[in-house]
Amino acid sequence: MNHKSLDFILLLSILFIFFSCNTQNKEEVDMDNIVMSSDDLTDILKRGKLRVITLQSAFSYYVDTKGNECGYDYDLSRNFADYLDLEYELIVADNVEDMINKLVVGEGDMIAFRVHISGKNLEYLSFPEYREFSNMVVVQRRRKERINSILDLKGDTVYTRSDSKYASRLRHINEEIGGGIINEFVPDSVSIDKMLLMVSSGEIDYCIVDEDIAKTANVKLQNLDYSLQASVKLPKSWAVRKSSDSLLTAINEWRGTLNKSLLCILDNKYIYNNSYIESFQAYIPTGSISPYDEYFKKYSDVIGWDWRLLTSLAYHESRFNPSTMSSQGAMGIMQIMPKTAAKFGLDEVTAFDPELNIEAGVRYIKRLEMIFSVIENKEERIKFVLAGYNAGPGHIFDAMALAEKYGANPHVWFNNVEKYLLLKNQEEYYNDSICKHGFFRGKHTVEYVHDVYDTYNKYCGNN
């Protein structure tokens, strides 16, 4: 379906800050019996390799679905290694405590992850001049009954990791207010990014994270509310050992040489188009093809489609993630645009409800079925509906008009109308008087129709 750009002004204040904020374990390490390494830049240059320590998270480091290594801190630290003309080695730690331990004992040379500049960390670590300040916040879903005060959390359950600064902060809050807030712990395998997804989907009601983590996750999970503060702001930055003065100086000098265009590229890649949260695989029960088979079966009858075809469309829209929001504003499983949602009585909260979102998507499909009713063959009409769902009906009608003009069948999609949709990026065609909607890049839409049918055939056991 057509997408319109959203304004991300709320994120401008963190455009050049490091975003890998999955701080899930305690950050101040007990250094008793730990021998501090004395390696500095001279030793690193002799070795010819920069060993960078980080954690897996949405903006520090992750491997995408295509097997590519990604991450704001990952890309930026590689740039620093290039600046020093060094080979690059990445070390992924288990948690923040492990990451700091690895640095202190010399298993790595620097941490490319924001570490709190406080407490014992100041005794053993040094920090670059650039840093960010962030406080902890209580994260909940946006709704009319949302909590507006810490005191209102009494009797409610807030989730954290068991051995984390968030659990420690919650204990202090309970001491300050006389108790009453229940602290449940998520399994060790659940990252902060996944915990935010659990809040967004309604699996849990509340969690505590750093504000910048919630803010960046809110780009994709726009039904999150993180306005309730749970702490004062604290500084964070990359880190080196206390003994690594020359390396620290090099980082500060390198940071001053960075081209703003590089930072903009990283911002676009890891803020506006970050795919990490979307990559979480939805749990699909045994014997099902989606987490929402019952809804697809229920509402497919409204349009007379095989429910597996409707499920295939939803898979390619959202990977069955009910909380996702595209950079153009499309919401939920069926990626409904705000104006379409409003027409069907949904708002910015209810549009993320799985059943209501699927119902709205089906109602929009029914409207497209009527728009393309000129195509009498039902199976062919479905292809045009799929294309219209992805691109908007206007561009599809332009391609139909072009197909008819040049002797192709305007009521057949494959090898006919799809061919002319692809040609709408050429001036000769999109400036033709029969085209009413101008320039269009049709490659994605053409691939979308093929992909939906390929997945449908797999669901039907025809692969």
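Modeller: Contact, in what follows, means heavy atoms within 4.5 Å. The structure above is a predicted model.

Biologist: Which elements cover the buried residues of helix α8?

Modeller: The cover of α8's buried residues includes the helices α1 (41-47), α2 (72-83) and α9 (260-272), together with the strands β5 (110-116), β6 (125-126) and β13 (234-241). A residue is called buried when its relative accessible area is under 20%. In α8 the buried residues are Leu247, Leu248, Ala250, Ile251, Asn252, Trp254 and Arg255.

Biologist: What is the reach of helix α8 from its first C-alpha to its last?

Modeller: Helix α8 spans residues 245-257, which is 13 residues, and reaches 19 Å; this is close to the 18 Å expected at 1.5 Å a residue.

Biologist: How should I read a nonpolar core, and how many residues has the largest one?

Modeller: In soluble globular proteins, nonpolar side chains tend to be buried together. Here the largest nonpolar core has 56 residues, and Trp305 and Met334 have the most contacts inside it. The elements that give this core two or more residues are α10 (293-303), α11 (307-318), α13 (354-371), α14, α15 (393-405), α16 and α18. The greatest contribution comes from α14, with 7 residues. Apart from this core lies another, of 35 residues, including Leu41, Leu84, Leu247 and Leu258.

Biologist: Which residues does tryptophan 305 touch, not counting residues up to four places away in sequence?

Modeller: With those neighbours left out, tryptophan 305 touches Ser300, Leu310, Leu313, Ile365, Glu369, Ile382, Val385 and Leu386.

Biologist: Where do tyrosine 453 and tyrosine 456 lie?

Modeller: An α-helix has 3.6 residues a turn, so residues three or four places apart point the same way. Tyrosine 453 and tyrosine 456 both lie in helix α18 (residues 443-459), 3 residues apart, about one turn of the helix. Their rings form an edge-to-face pair, 6.4 Å centre to centre and with 80 degrees between the planes. Tyrosine 453 is buried, at a relative accessible area of 13%, and tyrosine 456 is buried too, at 17%.

Biologist: Which residues do ring pairs link into a cluster?

Modeller: The cluster consists of Phe80, Tyr83, Trp238 and Trp254, linked by ring pairs. Of these, Trp254 is also among the buried residues of α8.

Biologist: Over which ring does the charged end of lysine 297 sit?

Modeller: That charged end sits over the ring of tryptophan 307, 4.8 Å from its centre. In another case, arginine 319 lies over the face of tyrosine 315, at 4.4 Å from the ring centre.

Biologist: Is aspartate 85 buried or exposed?

Modeller: Exposed means over 50% relative accessible area. Aspartate 85 has 69% relative accessibility and therefore counts as exposed. It lies in the loop between α2 and β4 (87-92), and it has a positive phi of about 60 degrees although it is not a glycine. Phenylalanine 320, also not a glycine, has a positive phi of about 65 degrees. Phenylalanine 320 lies in the loop between α11 and α12 (338-343), and at 3% relative accessibility phenylalanine 320 counts as buried.

How values were computed
Residues are numbered from 1 along each chain as its sequence is written. This is a predicted model: local features need pLDDT of at least 70, side-chain atom pairs count only at pLDDT 80 or more; totals for chains, interfaces and linings use all residues. Side-chain values use heavy atoms; hydrogens and water are left out. Helices (H or I, at least four residues) and strands (E, at least two) are DSSP runs, numbered from the N terminus. The expected span of a helix is 1.5 Å times one less than its number of residues. Buried means under 20% relative accessible area, exposed over 50%, partly exposed in between (1.4 Å probe, protein chains only). Rings of Phe, Tyr and Trp (its six-membered ring) pair if their centres lie within 6.5 Å; planes under 30 degrees apart count as stacked, over 60 as edge-to-face and the rest as tilted. A charge sits over a ring if NZ of Lys or CZ of Arg is within 6 Å of the ring centre and within 35 degrees of the ring normal. A nonpolar core is a set of buried Ala, Val, Leu, Ile, Met, Phe, Trp, Tyr and Cys residues joined through side-chain atoms within 4.5 Å.
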